[in-house]
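Thanks for coming. I have one structure to go through today, and I will keep to the side chains and what they touch.

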Amino acid sequence: MSRIGKAPISLPANVDVSITKGNMVTVKGPKGSLSYQVDMDIKVEVEDGTLSVLRPTDQKRHRSLHGTYRAVLNNLVKGVSDGYVKEMELIGVGYRASNTGNILELTLGYAHPIMFVVPKEITLSTSAEKGQAPGIKLESNDLELLGQICAKIRSFRKPEPYKGKGIKFKGEIIRRKAGKTSGKK
């Protein structure tokens with residue numbers, strides 16, 4: 001049995017879970033409401049403040065879905081109760097980030113600035129303090145959407161291994177490579 005799949009999800013007091021016909025799981029909490037469609041074979045139960053995910057058989061398909069759905073539902077519960085925050089920083093001379101509402105404007109060394117519209121489900125803020133790298137802070141209750149948006153922003157200028165320039169997550173360590181040697185022997 002899946003170690004992750006068989007672990008029950010404890011529900012905080014302010015979180016309400018409802019399972020409708022067709023295995024649509026809706027989780028409501030102080031940070032909002034999220035829904036997720038679970039496969040019809042997988043059974044989801046709510047008992048005594050815990051959420052359990054059960055599989056009917058030991059088929060390979062059921063085993064692969066068991067832990068995945070448990071992890072996704074756990075992310076939904078954590079998202080509506082606490083929320084998620086991702087912080088990114090821009091490393092490079094002249095790299096800047098600013099926002100107007102949910103429109104992110106990035107200057108990344110290209111001939112033109114990059115304008116990116118962030119979905120309304122995500123709260124966006126930027127910082128530019130002297131002596132520190134410009135930062136982007138994204139907050140949301142949906143971890144999947146937050147991850148997709150962070151990946152898209154990062155794709156505008158991925159960190160390169162020689163100088164470490166680019167957009168990276170705060171605290172991320174970029175593996176560096178040695179450049180060419182200066183002289184031949």
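I will take the cores, then the aromatic pairs, then the charges, and end with a hairpin. Please keep in mind that this is a predicted model.

Let me begin with the inside. The largest nonpolar core has 22 residues, and those touching the most other members are L106, I136, L138 and I153. At least two residues each come from β7 (84-91), β9 (103-107), β10 (114-117), β12 (135-140) and α3 (143-155). Helix α3 gives the largest share, five residues. As background, nonpolar side chains in soluble globular proteins tend to be buried together.

Take L138 as an example. What is L138 in contact with, once neighbours within four places in sequence are left aside? The list is Y84, V85, K86, M88, I122, T123, L124, L146, I149, C150 and I153. There is another core apart from this one, with 18 residues, including V38, I42, L65 and L76.

Next, the rings. The count of aromatic pairs is two. In one of them, the ring centres of Y36 and Y69 are 6.1 Å apart and the planes stand at 65°, so this pair is edge-to-face. Y36 belongs to strand β4 (residues 32-37) and Y69 to helix α2 (residues 60-81), so the pair ties together parts 33 residues apart in sequence. Are these two tyrosines buried or exposed? Y36 is partly exposed, at 26% relative accessible area, while Y69 is buried, at 11%.

The other pair is F116 with F156, also edge-to-face, with 5.6 Å from centre to centre and 70° between the planes. F116 is in strand β10, and F156 is in the loop between α3 and β13 (166-169), 40 residues apart. F116 has a relative accessible area of 12% and is buried; F156, at 17%, is buried as well.

R157 lies over the face of Y110, and here the distance to the ring centre is 4.3 Å.

Now the salt bridges. How many does the structure hold? The number is eight, and I will show three of them.

D41 and R61 meet through their side chains at 2.7 Å, N to O. D41 sits in the loop between β4 and β5, and R61 in helix α2, 20 residues apart. Both residues are partly exposed, D41 at 34% and R61 at 39%. These two are also linked with D39 in a network of salt bridges.

D58 and R55 form a salt bridge at 2.9 Å, N to O. D58 is exposed, with 55% relative accessible area, whereas R55 counts as buried at 13%.

K168 and E89 meet at 3.0 Å, N to O. K168 is buried at 10% relative accessible area, and E89 is buried at 16%.

Last, the hairpin. Strands β5 (residues 43-47) and β6 (residues 50-54) run antiparallel and are joined by five bridges. V46 has L51 of β6 as its bridge partner. Two residues lie between the strands, and in this hairpin D48 takes a positive phi near 50°.

That is the end of my list.

Key. Residues are numbered from 1 along each chain as its sequence is written. This is a predicted model: local features need pLDDT of at least 70, side-chain atom pairs count only at pLDDT 80 or more; totals for chains, interfaces and linings use all residues. Side-chain values use heavy atoms; hydrogens and water are left out. Two strands pair if DSSP finds at least two bridges between them. Helices (H or I, at least four residues) and strands (E, at least two) are DSSP runs, numbered from the N terminus. A nonpolar core is a set of buried Ala, Val, Leu, Ile, Met, Phe, Trp, Tyr and Cys residues joined through side-chain atoms within 4.5 Å. Buried means under 20% relative accessible area, exposed over 50%, partly exposed in between (1.4 Å probe, protein chains only). Contact means heavy atoms within 4.5 Å. Rings of Phe, Tyr and Trp (its six-membered ring) pair if their centres lie within 6.5 Å; planes under 30 degrees apart count as stacked, over 60 as edge-to-face and the rest as tilted. A charge sits over a ring if NZ of Lys or CZ of Arg is within 6 Å of the ring centre and within 35 degrees of the ring normal. A salt bridge is a side-chain nitrogen of Lys or Arg within 4 Å of a carboxyl oxygen of Asp or Glu.
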